[in-house]
Amino acid sequence: MSTAIERFDDKARDAFDRMGQNEVYEGELLRHRVYTRFLHWMVALFFFLALFTGFGIYMPWLFRWFTPIFGGGPLARAMHPWFGLGFVVFFALQMLNWIQPMTWTAADTKWIRNLRSTVSGKEKQDPPDTGFFNGGQKAQFWEIVGGSVVFLITGIILWKGARTFGCWPVAISYILHDISAVIMLGGIFIHIYLSTIGEPGTFQAMIRGAVSEAWAWTFHPAWYKEVTGRDPVQACEEARKRGQIAKQ
Amino acid sequence: MTNGWIDIKNTDMMLIMGGNPAENHPCGFKWAIEAKLHRNAKTIVVDPRLTRTAATADMYLQIRAGADIAFLGGLIHYAIQNNRIAHDYLVNYTNAAFIIKDGFKLPDDGLYSGFDAEKQVYDKATWNYEEGGDLAGKPVMPTPAAQQEQAAHAKGSDTGQGQGLQGAGPAGAKGGAAAVPLLPPKTAYDLTLQHPRCVFQLLKKQYERYTPEMVERITGIPRDQFLKAVDLFTSVRKDGDMTKVATIIYAVGWTQHSFGTQIIRAAAMIQLLMGNIGRAGGGVNALRGHSNIQGATDMAGIFDNLPGYLKMPSPTDTDLATYLKRITPTVAKPDPWDSFNYWSNTPKFAVSFLKAMYGPAATKENDYAFHYVPKIDRNYSWVNIWNDMYEGTVKGIFAFGMNGVMIGPDSEKNINALKKADWLVVCEIYPDETSEFWQAPGISTDEMKQINTTVYRLPGAGFAEKDGTFVNSARWLQWKNVALPPPGQCKLDQEILATIFLKVRELYQKDGGKFPDPILNASFAYTNPYSPSLSEVAKEINGKATADITDPKTNTTIKAGQQLPSFAWLKDDGTTSSGNWLYCGSWTEAGAMTQRRGTEDPSGLGVYPNWAWSWPLNRRVLYNRASCDVEGKPWDATRRQVWWDESKNSWAGVDVPDFKADSPPKDHMGPFIMNPEGIGRLFVPLGAMADGPFPEFYEPIESPILNPLHPNQSTNPVVKKYKTDADKYAMPGQEFNVICTTYRLTEHYHYWTKNNPMNVQLVPEPFVEVPAELADRMGISGGEKVRVTSARGHYIAKAMVTRRIRPMKIDGKEMFQIGIPIHWGFRGIAEDEGKTARTLTNQLTPTVIDPNAFTPEFKGFLVKIEKV
Amino acid sequence: MSDRKTLQIKQISGHSGPSPGFDMQRDAEVCKLIDTTICIGCKACEVACVEWNDMPFSPTTFDNTYQTMPATRWNFWNLIKFNEHQREDGTIQWLMRKDQCMHCADPGCLRACPADGAIVQYTNGIVDFQQENCIGCEYCVSGCPYDIPKFNPATKKVYKCTLCSDRVGGGLEPACIKACPTGCLKFGTKDDMKYIAEERAKQLRENFGFEKAGVYDPQSIGGTHVVYVLHDAENPERYGGLPRNPVIPWSYTVWKWLFKPVLGTFALFGLVGVLFHYVTVGPRLPQPQPPLKDSTPREKEI
C-alpha cells in the first residue's frame, strides 16, 4: 500500500486517540484503537439503518413495522440510499485502516480448512499461526468489501432508476442488491454471535479497545506472540499451572 | 357555409384548402371524420404546410401560399377537359348557357375589358349578359347595340348593380348612380353551350391556359401530384354519375389575399360545374374562425352592409325611393324560365329595419326616417380606418372585443396610428396589446412621455359570463346561458354600450348638436335601458307587427305587438319592424327558436330541424332545390333532402325547401333564388366583383416571381397599395426571398389564451416553422432563435425545423416558405415572464387588402430569415 | 376503489395471500380504443386529463415539436406524441399518438412493485396506483415497457393514468374519451373495442390504401386495455417508440417468486445456526479453563 494511505491512517489513528482513550488494564492487551472502534460502530450504525430501511423496500408486507420508525415507506425509501452511502464510506475508511492486517495468508487458508473442528468446539485454541485476524474474520471482511462494491454499483443504478439507466440494468441490479444484502444479513448474525456470547471477552475489544491476554493467546496466538514476544501455548500452560482461570 | 357542419358527414369527397379545420375547428372536423368512417370519403388537403388536417388526409399537396386560383383554375380546366362536369345541372342551374355581350375580353394579358389604368378600376359595362332569346345554332356576329352600349358605359360609374360600393379602392369616393348599368330582363342563351360567347365557352377558354404545366410553375405542385389530386376530386362525376357529392371546405387561408374573394368564387364555380351546390354533402363551406363571426357578419359587422346584407346607403341615395331602386334587383333570365328573385323584397326588409331602428319616429311621411341612416361616401373598412388614423384624420377609436394592434396588418403602423389618436377606448377582459400599445417593444420611456393618447380601459365580460346567441358557421342561431357572473367590476357589453349611448343621448338632449334626431329618436324601449336584456334585443331583431296585419291567402292575422313568425310577413308600409330580416323567425310567439334543443333527426342526414334555428327560415342546406333534377327528383335517392310532391302540388322534404314552395318544376324556376337570374353564377355580371367576372390568377402583392401567365400584369390590377411612409412592399428579386404565411394553432385562441396557464403549457413559446432544407442551408437547428424580417418589420422566435414543409420549384426556381403562428404579443404569461422576444407576427405583414371584401393579405408575403 | 361492483381487485402488488373478493362477481374487461388514423392532435384529451385529475400546471419549453413535452410527467399523464415519418417516396407522414398507461393485462409495474397494495389491478383490467401505499422506490418505472409511471419528488410517490378509475367506477367514460372531438377515442368492453378496431383496420386496408393497417394489442404482455389502430401496425416504433413486442424484465418474476423466499430463508439460517451452535457446542472461552470432566452424561445428570 502506498505510504500516503499509511500516513493518512496514522494521522487519523493519532487524532482519534487524542479525542478518546484506550483503557488497558493489567493483564490486557490493546487490540483496537479509538479510530478503528469509531469506524466499526459507524459502519455498524449505517449498516443497520440501511438494513432496516431496506427491509421496507425488500418486503413491506413482512417488515411493515420497520418503516414507521423512519417516518413511513417513502421516507425510508428516500433515506435508504444515503444510509447505504454512509455504510460504504465508513467501511471504505475501515478497509484502508485494516488493509494490512486483513491481507490473506497461508495461515488463513489453513484456518478455514480447520473450520469444522473450530466450530464443533473440539479445538479450544486456534491454530498457533492465527494472527491479528483469523481466516473467518478476513473472509467476512472481504465478503463485505465485495458486497459493498455490489451495493454501490447496483445501489446507484436503483437510486437513479430506469430513467437514467434503462429497465434492464435496474431489473438485474434489483436481484444483485438483494443477494448481497441477504448474504450480509446472514453474516451479521454470526458476527454478532461470535463477538458477544459466542466468544466471551471479544466485545470489549470494540468498547474499551482491550482484550485479556488469555483471550489473545486463545484466539489469536500469533498476534499474542507478536505483541508480547512470549509463546502463546506456553503462556497458557503457565497460567493453568498458576491456577489462574481466564476471566470471561 | 352553404351547408352545415353536420352535413359534411354526407360527403364523398372533401377538398380542404385555405383552411385547417382539424386545428382551428376540431369539434366541427368530427363530421369530416364521420364521412371518412361511414362513407369512405376521401380527403384532399392543399396547404402551404403539412398541417394536422393534412395528417389525416388521403392526399396532401404543398402549394405556394397565394397560388390557390392557379390550382383551382387547373382543376376547372381538368374537369371540363375530362367531362367530369354535371351537364344537366350546368345547363339548367347555372348561367353556363347565357350569352355575354360582345366586347367582353378575357384577361389573356391580365386585364379584363374596361380597365381604367389611371384610376385602377374597371368599367364593367361589357361584363353583362346580352339581351335576346335562344341563340342556339344562330350565326354569331357582334350586335351594333352592344357596341354602342359599351361605348356609353366606358366613362360611366363602376358602381355595380345592387352591389353598393363593391370595388371601392381605399381612396376612391365614387360618383353618381345615374349611369348604373342593369342586367337585361331577357338574356340571350344557348342551351347547347356552343355559342362562342356563352359563359361555358368563355369559361373553357379562360381556364385552357391553366394547364398542369402552368399549375406546376405557379403553385410548385408537381404535375403528377396535381393530376392525381384533381382526378381524385373530379372522380365523383366520373361517367356522368350524379349520385356522389364533393364538398369544398375553406377558411381565412383563402380570404386573406389580395384576391381572396376570387379564390372563393373559383371554388363556387367548381361546385356549380360539378353540380355539388345545394346538395347534402356538397357546397362551398366557409369555416368561421370565431364562435360568432357569422353573427357579426349577419348583423352588419362590415361597413358597407346594414343587418341582413342590405346595402349601406350612399350620399346619392337622396331619398328612400332612390335608395330602394338602387339596391333592389330586377329579374334577368332566359325568357322561358322563371326566377323568384327574392331580393325583390328588399323594400320590405329595409322599411322593417328602419322601423326597428327608429320605432314610432319612422313614418311613411318621413320616408321611415331614412335620412337618419348614415350615408357612406367611401371605403370605411378596418384597414382604411387605421390608415386614416395613421394619417391623422381619425382621432379616436373604440376597440371592443378586438385587439387592434395584434389583428391588423403591419402592427408597427397601427401602434404608430394609436400614438397619433387623441383617445382610445378598450373594452377587454385582459390587459392587451392595444390598451398597452404605448409600451410596445422599442418605445423608450422618453418616447412614452410624448404619447398623448388618452386610454380608457373598460372591464368587459368573457363569453361565459354573457347570455345571448352565437351564430355558427352553419348559420345556426344558438342561445347560450350564463355560466358565471362577470367578476368584480366587470360589466356586460350591453350594459357598457347602453350606458355610453344613454349618456350621449343625454348630452344631445341637453346641448343639442348638428343632427341630434337619429340619436334622440332611436328606439330604445327596453325594460332596463341601462342594461337591456339580450332576449329583448333578440326579440326586437326578429321583429314584430306594429299594427294588425292579415295574410289574405291564409286569412291569418298577426296582432300589433306580436312577434313575427317569418320574414314572409314583412311589409314595406311600416306595419312591421325587424332588426334583421334574415333572423325573422328566430324568436316567434312560440318562443325562442334559438333555445330549441331537439335531437331528432328522422332523415339521418344530420338535419336536426328542431335543434336551435338556422337562417333563413330554419333551412339547413341553402339552395337545396338544386339537390333535385329539373323534374324535381333528387339526384341521389339515398340522400333525399327536398323533392317535388306532385300529389300536394308543392315542394316537400326533410329540410325546409329553400325555394318557392308551390313553384312546379315545369315552370323552371331557378334554384338560386337570391340571384335575379335564379341560377348560379359561373360568370359574375356587372359590379358584383371588382376584379373580374371570372377569377384570374394574380400574384400576391409581395411575390418572389412575376406572374407566369402575364408578367406585365403580375398582381391584381385593382388592388391599390397604400402610400404612407409606413407602407413598404418587397419586389421580386430583392433580399426578401422566402415566402411567409401566418396561421393559428389548435392550442391557442387568437390573442386571448396566452393569458391562460393551460394553453400556455400546451404551446409555451412562439416559433417559426422552417423547412429542414432551408435550416440546413442557414445553419439553423431546432430551438435556436431566428429573426424573420420583411420590408416592414421583424419577428424573433425559436425555429421549429421540420420536414413538413419542403422546398418548392416555383417557375423553375427553388424556393422556400415558412410559417409563423400569430398568437404571441407583448402581454401574456410567457411575455410577462420574459420568455419571448415580445415581437408580433403582424409586424411583418403588408397593408394591402382584397378589393371585394377588404381583407388584408396575411397569407403569402416575403421575408428573409436569419439566425439571431 | 369507489365501487366494488365495477372495481374488483384482481391482483395486488407485494401482497401475500389471495386478493380479497377476487372472483366474487362477473366483470367485463374495459378498453380504450385510440384510432391514430383519425387523431388530429388537438390535445383536448391532454387538457381533460389535467382538469379532471386537478393537476397543477407545470412550465414547458419549446423543443422543436408540436408535442407539449418530451414525455409524460407525474402531473401530466396523457401526452400526444408527434412524429414525422418520411415514406420511401420522400413524402412525410405526420403521426400522432396519444401516449398514456396501457393498462396491460400482465402489468410490469405491478410485477416489479415491492409495496403491499401500492398497485392493484381490477378485474375490469384497470391498473391503478394507490399512492397511500406507495413507497416511491420507482421499481415500477423499470418494470413498465412504456415508460409510464412517473415520480413526484415532492411527495416521493409515483403517479400515472388511472384510466379514470374514479369515473369508470361510477359508470362514466374516462375524461379523455369524453373530451375527444373527433371520436378517435372510444371506450367500452375489450371485446367491443377489439371488434371496432379490427373493422377500422380492415377499412383502412381495403379503402384507404394502408395495406399494413392493424391493431396494436401486444400479446407478449397478455394484451392491453388500451388498443391502437395504426396505419402501419408492422412498425409501431414510428409512433413515438411504441414497442413492437413489449416485455417485462424476467428478473422480476425470478426475483419475486424464487429469490425472495429462498434468500429470506437463507438469511434466517444465520440466526438459527448461531443459536443452535450456542446451545449445542456452546461458547468458545479463553483458555485456560478448568479441566473438563468426562462429557458422557450419566443417568442422574440428564
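**Chain C and its two partners**

In this predicted model, 28 residues of chain C are in contact with 30 residues of chain B. Two residues count as in contact if their C-beta atoms, placed from the backbone, lie within 7 Å. Three elements of chain C give two or more residues each to this side: α1 (44-52), β3 (79-86) and β4 (92-99). Helices (H or I, at least four residues) and strands (E, at least two) are DSSP runs, numbered from the N terminus. The largest share comes from α1(C), with 4 residues. By class, the side of chain C that touches chain B holds 14 nonpolar, 10 polar and 4 charged residues. Here Ala, Val, Leu, Ile, Met, Phe, Trp, Tyr, Cys and Pro count as nonpolar, Asp, Glu, Lys and Arg as charged, and the others, Gly among them, as polar.

Chain C also meets chain A. In this pair, 40 residues of chain C are in contact with 50 residues of chain A. The elements of chain C that give two or more residues to this side are α3 (139-143) and α7 (250-280). The largest share, 14 residues, comes from α7(C). The side of chain C that touches chain A divides into 23 nonpolar, 11 polar and 6 charged residues. Of the 2 pairs of chains in contact, chains A and C share the most contacts. Chains A and B do not touch. Their nearest C-alpha atoms are 23 Å apart.

Chain C itself contains 7 helices and 11 strands. Its domain assignment, which is automatic or from a database, gives domain 1 (9-248) and domain 2 (251-284). The C-alpha centres of these two domains of chain C lie 42 Å apart. Along its principal axes, the C-alpha trace of chain C spans about 100 × 45 × 40 Å. The radius of gyration of chain C is 27 Å, whereas a compact globule of 302 residues would have one near 19 Å. That radius is taken over C-alpha atoms, and the globule rule is 2.2 Å times the number of residues to the power 0.38.

Buried residues make up 47% of the 302 residues in chain C. A residue is buried if 20 or more other C-beta atoms, placed from the backbone, lie within 10 Å of its own. Among contacts in chain C with a separation of 6 or more, 61% join residues 24 or more positions apart.

Residues are numbered from 1 along each chain as its sequence is written, and chains are lettered from A and ligands numbered from 1 in the order in which they are written. Local features need pLDDT of at least 70, side-chain atom pairs count only at pLDDT 80 or more, and totals for chains, interfaces and linings use all residues.

Terms used: Buried ≥ 20, exposed ≤ 12 C-beta atoms within 10 Å, placed from the backbone.
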